[in-house]
Amino acid sequence: MPVVGAVPVMAAICESYTMLMSALAGLVTFFRRLRPHLVHARSAKARFLAPLAARLARVPVTVQTVHGWSFNNAVDRRRPLFVRLERLARRLCDATVLVSQQDLAEGMALGVLPPTYGMASRRWSISPTSVRG
């Protein structure tokens with residue numbers, strides 16, 4: 001039976017550089033102990049921390065789901081930093097799931113998702129947030 005688990009990374013955990021590094025180290029240790037086949041991240045901080053920790057722990061597959069980009073919350077001089085972090089997070093992931101066309105358009109416009117990203121590699125998909133049967 002496969003092991004399925006969730007590791008909450010609360011905003012309060014990562015308010016300082018020391019706390020961020022502690023959270024990263026904790027995730028690496030957790031992933032090395034659990035040895036998952038896949039890590040999935042969906043919040044802004046988790047989309048950066050989890051894939052980085054997964055790579056360090058040699059997890060074979062990482063997936064991120066984008067529910068809006070982190071740089072949309074930064075309207076000051078930090079916005080370029082968040083765009084760069086989103087690019088790095090995307091590179092650390094094997095696949096990206098987007099929940100809207102708007103996220104796709106914004107990601108491509110700012111170079112987080114290259115223009116040919118989905119067409120050539122099929123490494124992203126758009127999935128509605130609710131499924132009706």
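In the predicted model, helix α3 covers residues 79–92 and has 14 residues. From its first C-alpha to its last, α3 reaches 20 Å. This is close to the 20 Å expected at 1.5 Å a residue. The buried residues of α3 are Val83, Glu86, Ala89, Arg90 and Leu92.

Nonpolar cores were examined next. In soluble globular proteins, nonpolar side chains tend to be buried together. The largest nonpolar core here has 14 residues. Phe31, Val39, Ala53 and Val59 touch the most other members. Three elements, α1, β1 and α2, each give two or more residues to this core. Within the largest core, Ala53 is one of the residues that touch the most other members. Leaving aside residues up to four places away in sequence, Ala53 touches Leu24, Leu27, Val28 and Phe31.

Phe31 also takes part in an aromatic pair. The structure holds one such pair. Its rings belong to Phe30 and Phe31, and their centres are 6.0 Å apart. The planes stand at 55°, so the pair is tilted. An angle over 60 degrees would have counted as edge-to-face, and one under 30 degrees as stacked. Phe30, at 24% relative accessibility, counts as partly exposed. The cut-off for buried is under 20%.

Backbone geometry was then considered. Most residues other than glycine have a negative phi. Arg35 has a positive phi, near 55°. Arg35 is found in the loop between α1 (17–34) and β1 (38–41). With a relative accessible area of 67%, Arg35 is exposed. Arg58 likewise has a positive phi, near 65°. The loop that holds Arg58 runs between α2 (44–56) and β2 (61–66). Arg58 has a relative accessible area of 73% and is exposed. Both arginines are residues other than glycine with positive phi.

Methods:
Residues are numbered from 1 along each chain as its sequence is written. This is a predicted model: local features need pLDDT of at least 70, side-chain atom pairs count only at pLDDT 80 or more; totals for chains, interfaces and linings use all residues. Side-chain values use heavy atoms; hydrogens and water are left out. Rings of Phe, Tyr and Trp (its six-membered ring) pair if their centres lie within 6.5 Å; planes under 30 degrees apart count as stacked, over 60 as edge-to-face and the rest as tilted. Buried means under 20% relative accessible area, exposed over 50%, partly exposed in between (1.4 Å probe, protein chains only). Helices (H or I, at least four residues) and strands (E, at least two) are DSSP runs, numbered from the N terminus. The expected span of a helix is 1.5 Å times one less than its number of residues. A nonpolar core is a set of buried Ala, Val, Leu, Ile, Met, Phe, Trp, Tyr and Cys residues joined through side-chain atoms within 4.5 Å. Contact means heavy atoms within 4.5 Å.
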